[in-house]
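Colleague: Could you take me through a close look at the surroundings of the ligand, and then follow the links from there into the rest of the fold?

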Amino acid sequence: MKEQIILTGDRPTGRLHVGHYVGSLARRVELQDSGDYDKVYIMIADAQALTDNAEHPEKVRQNIMQVALDYLACGLDPEKSTIFVQSAVPELTELTFYYMDLVTVARAERNPTVKAEIKQRGFGASIPMGFFCYPISQAADITAFRATTVPAGEDQMPMLEQCREIVHKFNSIYGETLTEPHILLPANEACRRLPGIDGKAKMSKSLGNCIYLSEEPEDIKTKVMSMFTDPQHLRVEDPGRVEGNPVFLYLEAFCKPEHFTEFLPDYHGLEELEDHYRRGGLGDVKVKRFLERVLQAELAPIRARRKAWEQRPGDVYEILKQGSIQARETAAATLRDVRAAMQIDYFERGSF
Ligand code: ATP
Ligand code: MG
């Protein structure tokens with residue numbers, strides 16, 4: 001059977017948040033430990049982060065360590081997963097340049113995630129070219145490691161689609177060389193795109209509407225209590241809306257049956273709680289208190305492991321350095337195949 005290989009990653013634009021956890025991180029750790037994969041590559045996408053942070057290299061640099069600490073805190077294990085830094089693998093940049101020849105400007109413009117992000121960041125007509133092209137560089141990242149599986153949130157679907165198109169086009173022009181990947185979305189729909197605490201469509205580092213994995217208990221409490229709910233649910237006795245209500249979406253993403261036994265034994269499960277809210281007679285504060293306890297229970301062990309790793313910055317540095325050396329070898333092998341397929345390996349062949 002073909003080797004099963006995972007590649008996924010995050011932009012070092014801030015600490016990781018609970019959206020990352022349910023959308024991708026928790027699954028990665030499960031897959032890493034499942035034994036079903038021959039290789040797992042986890043990339044800290046600093047070059048991609050620079051595409052919309054060119055003037056803030058210090059922000060990107062400082063967050064490399066923060067993201068690595070979040071990874072280790074969640075249970076990514078450097079013995080089982082290769083954790084590396086994107087810019088330490090320059091082969092990815094070369095691949096990107098060749099792939100750019102296979103994508104039209106019109107096609108790049110059609111990417112709905114990029115479109116939404118351009119709007120969100122207020123670029124107007126001043127879109128950095130690197131940002132516009134980042135889905136092409138993601139295709140380079142994925143194919144360089146011959147990844148078959150990319151565990152990610154829903155915002156990544158257009159990226160995977162574009163990557164597969166590049167693979168098809170490359171293989172049809174230059175011969176069967178690249179591996180076609182597929183996205184692995186969270187099974188639980190609420191985890192695919194967790195909204196922000198402000199109710200905005202997506203929790204995102206760049207929007208400042210996050211609950212971070214490293215958040216202190218007091219801050220988790222303040223953030224949950226300030227969360228957006230159903231604006232029509234003014235009095236306890238009013239009927240409330242569960243659909244699109246961030247507090248219930250978070251409960252769908254995070255709560256397990258044992259949380260009810262432990263923190264809210266009056267209810268058998270989420271359905272019963274939701275029914276009560278819809279009928280009226282259930283206040284936001286009670287639901288938020290429950291959510292807060294659920295989040296505290298889930299985040300406490302992550303925070304404790306993070307604090308332990310924070311004491312070992314030298315070890316974290318070594319993990320990233322060794323991971324990057326290993327990753328570079330793999331990407332270089334793919335690049336050799338790509339150059340041979342494109343017949344631009346003149347000096348390996350010994351002729352033009
Ligand atoms: P930025 O605002 O800098 O783009 P981000 O918060 O969107 O940061 P990324 O580093 O772009 O985070 O995303 C990393 C991974 O986390 C991707 O797989 C993405 O699908 C997933 N992800 C990010 N935000 C969410 C979310 N709110 N819900 C589910 N998955 C998410
Ligand atoms: Mg993003």
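**The ligand site and its links**

Modeller: Ligand 1 is surrounded by 22 residues, the closest being Thr13, Asp155, Lys202, Ser204 and Ser206; a residue counts here if one of its heavy atoms lies within 4 Å of the ligand. The model is predicted, so local features need pLDDT of at least 70 and side-chain atom pairs count only at pLDDT 80 or more, while totals for chains, interfaces and linings use all residues. Residues are numbered from 1 along each chain as its sequence is written, chains are lettered from A and ligands numbered from 1 in the order in which they are written, and side-chain values use heavy atoms, with hydrogens and water left out.

Let us begin with the polar contacts, that is, pairs of N or O atoms within 3.5 Å; within protein, one atom must be able to donate a hydrogen and the other to accept it, and residues adjacent in sequence count only if both atoms are side-chain atoms. The side chain of Asp155 places an N or O atom 2.5 Å from an oxygen atom of ligand 1. For Thr13, the corresponding distance to an oxygen atom of the ligand is 2.7 Å, and for a polar side-chain atom of His17 it is 3.0 Å. Of the 600 Å² of accessible area that ligand 1 has on its own, the protein covers 97%; such areas come from the Shrake-Rupley method with a 1.4 Å probe, and for residues only the protein chains shown count as cover.

Buried means under 20% relative accessible area, exposed over 50%, and partly exposed in between (1.4 Å probe, protein chains only).

Helices (H or I, at least four residues) and strands (E, at least two) are DSSP runs numbered from the N terminus. Leu25 is buried, with a relative accessible area of 0%. Not counting residues up to four places away, Leu25 touches Leu16, His20, Tyr71, Cys74, Leu76 and Leu213.

The buried residues of H13 are Leu270, Leu273, Glu274, His276 and Tyr277. Seen down the axis, these fall within an arc of 160 degrees, so they line one face of the helix; the arc is that of the directions from the helix axis to the C-beta atoms. An α-helix has 3.6 residues a turn, so residues three or four places apart point the same way. The exposed Glu271 and Arg279 sit on the face of H13 turned away from its buried side. The buried residues of H13 pack against helix H11 (246–254), helix H12 (257–263) and helix H14 (284–310). After H13 comes Gly280, with a positive phi near 105 degrees.

How values were computed. Contact = heavy atoms within 4.5 Å.
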